[in-house]
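The structure is shown first, and the description follows.

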Amino acid sequence: MERHQVAVYIGALAAGGLVGWVAPSAGPSLEHAINPVLAVLLYVTFLQVPAADLLRSLRAGRFLTATLVVNFVVVPLVVAAMFPFLPADQAVRLGMLLVLLAPCVDYVIVFSGLAGGSSQRLLAATPLLLLAQMILLPLFLFMGSDLAGIVEAGPFLEAFLILIVIPLALAWLTQAWAARRTAGQKVTDAMGTTMVPLMAATLLTVVASQVPKLGDSLADVARVVPFYVLFLLVMAFAGLGVARFFRLDAPDGRAIVFTGATRNSLVVLPLALALPDTLAVAAVVVVTQTLVEVIGMVVYVRTVPRLLPAPSAHSRTGTAPRG
């Protein structure tokens, strides 16, 4: 499954769309399953990052700074430039802002690794990215004055507790168990093999739960697709610029391009689902971004190594070590 995980993810999206279309009555039940499935996925993700590696990642100065700059400086500027041209519908705008302003913390690691990026460094930076976006996202939403006051702190705090604090604490407890007991190590190894099926299950659950909500809003949702495509295009070159500014090597630079382009649709979806019924289409707008992005990542995996090629053996001679 790991060798063919991109195909698995695309298949899960298609299967989710089919389930949502054939059995729309299952949508509400599947919607309640999103948070538990996502929490398990993030637990397994965090389990791949030893606590010591997390602390070391905080000392990876240039890479960590570049990660924060591309996600919390460059991306908001790009979104601010797009904002006046977004569809006027308030729910559509809110859904787009929620998803575009939140950096991905799950399958970005997979796609970055497939393109030869420093996926381990991205993995170690995941908790910091999650914490930063939960703090900054409510502030960024005030870019649109008509959106001010709609998003309450409660759902953000609940999502942070369920999707970040609890999975991270359980992951570290499991790591401590594995360090002391053979049984703990076996459990850790077994959980590591579930990453691809868990991601596929999450994608299927999310899409199947939201497809029945399309209804009369299909035209509105279709209008956001060009903006998502444009975002992927712009961020490919913006991420490249950040990588060059910080003088990162090819693997680190590729990781920066991926983290700037991929968005956290799965984690912000519970926030969109917590909005009032009058803004329900925001959740569908968030899921639409996932559909566009997964296809975009297939293109990225092929093109990003060309944008940031690894130096030849000859050109590496005499170069400075990685910082």
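## Handedness of a crossing

## Overall make-up

The model is predicted. The protein contains 16 helices and zero strands. It has 323 residues, of which 51% count as buried. Among contacts with a separation of 6 or more, 87% are between residues 24 or more positions apart.

## Helix α15 and its partners

Two packed helices are described by the angle between their axes and the distance between the axes. For α1 and α15 the angle is about 160 degrees, and the axes are 11 Å apart. Because angles over 145 degrees count as roughly antiparallel, α1 is roughly antiparallel to α15. On the α1 side the contact involves Val6, Ile10 and Leu13, which meet Thr290, Leu291, Val294 and Val298 of α15. An α-helix has 3.6 residues a turn, so residues three or four places apart point the same way.

Helix α5 covers residues 90–100 and helix α15 covers residues 281–307; their axes come within 8 Å and cross at roughly 45 degrees. That angle makes α5 oblique to α15. Ala91, Val92, Gly95, Met96 and Val99 of α5 make the contact with Val281, Ala282, Val285, Val286 and Gln289 of α15.

## Valine 6

Valine 6 lies in helix α1, which runs over residues 5–22. Is this residue buried or exposed? The cut-off for buried is under 20% relative accessible area, and valine 6 has 19%, so it is buried.

Valine 6 and methionine 297 are 291 residues apart along the chain, and their C-alpha atoms are separated by 8.9 Å.

Helix α4 comprises the 22 residues 61–82. From first C-alpha to last it reaches 31 Å, close to the 32 Å expected at 1.5 Å a residue. At valine 70, α4 bends by about 30 degrees.

Leucine 64 is located in α4. Its relative accessibility is 10%, so leucine 64 counts as buried. In sequence, leucine 64 and arginine 121 are 57 residues apart, whereas their C-alpha atoms are 8.6 Å apart in space.

## Threonine 205

Helix α10, residues 195–210, holds threonine 205. Threonine 205 counts as buried because its relative accessibility is 9%.

Which residues does threonine 205 contact, leaving aside its neighbours within four places in sequence? They are Leu30, Ala33 and Ile34.

## Helix α14

Helix α14 spans residues 265–273, and eight of its nine residues are buried, so α14 is largely enclosed by the rest of the structure. The buried residues in α14 are Ser265, Leu266, Val267, Val268, Leu269, Pro270, Leu271 and Ala272.

How values were computed. Residues are numbered from 1 along each chain as its sequence is written. This is a predicted model: local features need pLDDT of at least 70, side-chain atom pairs count only at pLDDT 80 or more; totals for chains, interfaces and linings use all residues. Side-chain values use heavy atoms; hydrogens and water are left out. Helices (H or I, at least four residues) and strands (E, at least two) are DSSP runs, numbered from the N terminus. Buried means under 20% relative accessible area, exposed over 50%, partly exposed in between (1.4 Å probe, protein chains only). Contact means heavy atoms within 4.5 Å. The expected span of a helix is 1.5 Å times one less than its number of residues. The bend at a residue is the angle between axes fitted to the seven residues ending there and the seven starting there. Axes are lines fitted to C-alpha atoms, for helices over the stretch in contact, and angles run from 0 to 180 degrees between N-to-C directions. Angles under 35 degrees count as roughly parallel, over 145 as roughly antiparallel, 65 to 115 as roughly perpendicular and the rest as oblique.
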